[in-house]
Amino acid sequence: MKAIVIREPGGPEVLELREVPDPEVHDGEVLIKVAAAGVNRADTSQRKGQYPPPPGAPVYPGLECSGVIEAVGSGVENWKVGDEVCALLSGGGYAEKVAVSAGQLLPIPKGISLQDAASFPEVACTVWSTIFMTSHLSSGESVLIHGGTSGIGTFAIQIAKYIGAKVFTTAGSEEHLLECAKLGADVMINYKKEDFVVCVKNETNGKDVILDIMGASYFQRNLDSLSLDGRLFIIGFQGGNSGEFNLGPLLMKRLTVSGAGLRSRTTKNKAQIVAEVLANVWPAIEQGKVKPIIYKALPLEDAAEAHRLIEGDHMGKILLIP
């Protein structure tokens, strides 16, 4: 099969399309003929040598895909050859085929194309496992979503509105803020012109939950933006991973700070998250309350261009098509 190989750590130019061996299908796994693969920021970190795949995972980038089941391993129930699926992966999505544990499969949501379904698994599992399963965002609460025009952000805005939360979000241009509003955001903050701490305090006494992709550069301001018993969940370090902070608000406001990646979780834990996503998120998608936001779909051989786009100015998801 053909797959995107990282020649060496570096810029987008190190991504090369090569002939590689087909994946082996082990017990409890299925083989998917890939229709589309989602591109994520984590893939760019892997390309730079900063986010290696966990032991046993495919070495090729790609954390989500959609496609058709081509083979089924021993012990797999409820799935058969020919089923159309999308899947949460530990790697290997940038390829014509990928093997994945059956517990990480999801059916294609009704009303969504096979190709567009590739935009959902990674963002849905990330958002649901962080601000819902761990931080317990609920109806009537408020949430601040940083990076509202990212793949994570566009999804998080929609699902948070679906469950009845008041949504605040940050973005870097008026055009992007307008798009966030179209997705349902209640308060839009231009982080290049406004202090999000001040904006939050002007609207409320603080946020109940914050989903953060920046890390150190926003950490203190996030603590200052939370209300009593507020919860901060960190999923990225685009603003660095170290610094000096005043931790007083943690005690004074009884705050909870959490952080977790998705890729390194156990197969069992991923299956639990996928099951919750199927039960809680898929109905919202099938009702049209959460829609795929696709910025661009490119041929697999244009993976380098996809990485340039995701590291630049874009909105929503970028897909690769084998």
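Cavity, pocket and aromatic contacts in the predicted model

The count of cavities of 30 Å³ or more comes to 1. The structure examined is a predicted model. About 60 Å³ of space lies in the largest cavity. The lining of the largest cavity is formed by Ser 119, Phe 120, Val 123, Gly 151, Thr 154, Phe 155, Gln 158, Lys 291, Pro 292, Ile 293 and Lys 317. By residue class, this lining of the largest cavity divides into 5 nonpolar, 4 polar and 2 charged residues. Helix H3 (residues 151-162) gives the most to the lining of the largest cavity, contributing 4 residues.

Phe 196 and Tyr 218 are both buried. The ring of Tyr 218 has a second contact, in that the charged end of Arg 221 sits over this ring at 5.3 Å from its centre. Another contact of a charged residue with a ring involves Phe 168, where Lys 207 lies over the face of the ring, 3.9 Å from the ring centre.

Open space was considered next. The second largest pocket has a volume of about 600 Å³. Its lining comprises 31 residues, and of these Glu 29, Gly 56, Ala 57, Pro 58 and Ala 99 lie nearest the centre of the pocket. Strand S6 (97-101) and helix H8 (267-280) are the elements that give two or more residues to the lining of the second largest pocket. Of the contributions to this lining, that of S6 is the most, with 5 residues. The residues that line the second largest pocket divide into 14 nonpolar, 10 polar and 7 charged.

The burial pattern of a helix was examined in H4. Within helix H4 (residues 174-183), the buried residues include His 176, Leu 177, Cys 180 and Leu 183. These residues lie on the same side of H4, because they cover an arc of only 110° around the axis. An α-helix has 3.6 residues a turn, so residues three or four places apart point the same way. Exposed residues Glu 175 and Lys 182 are carried on the face of H4 turned away from its buried side.

Individual residues in loops and strands were also considered. His 314 is found in the loop between helix H10 (303-310) and strand S15 (317-321). With a relative accessible area of 10%, His 314 is under the 20% limit and therefore counts as buried. From C-alpha to C-alpha, His 314 and Ser 101 are 31 Å apart in space, and they are 213 residues apart in sequence.

Positive phi values in residues other than glycine occur at Asn 78 and at Asp 229. For Asn 78, phi is near 75°, and the residue is placed in the loop between strand S4 (64-72) and strand S5 (84-88). Asn 78 has 76% relative accessibility and so counts as exposed. For Asp 229, phi is near 60°, and the place of this residue is in strand S12 (residues 226-234). Asp 229 counts as partly exposed, because its relative accessibility is 38%.

Technical notes: Residues numbered from 1 in each chain as written. Predicted model: local features only at pLDDT ≥ 70, side-chain atom pairs only at ≥ 80, totals over all residues. Heavy atoms only, no water. Buried < 20%, exposed > 50% of the residue type's maximum accessible area, 1.4 Å probe, protein only. Lys NZ or Arg CZ within 6 Å of the ring centre and 35° of its normal. 1 Å grid on protein atoms, 1.4 Å probe; cavity = no way out; pocket = protein on both sides within 12 Å on 5 of 7 lines; lining within 4 Å. Points joined across faces, edges and corners; volume = space filled by probe spheres on them. Nonpolar A, V, L, I, M, F, W, Y, C, P; charged D, E, K, R; others polar. Arc of directions from axis to C-beta.
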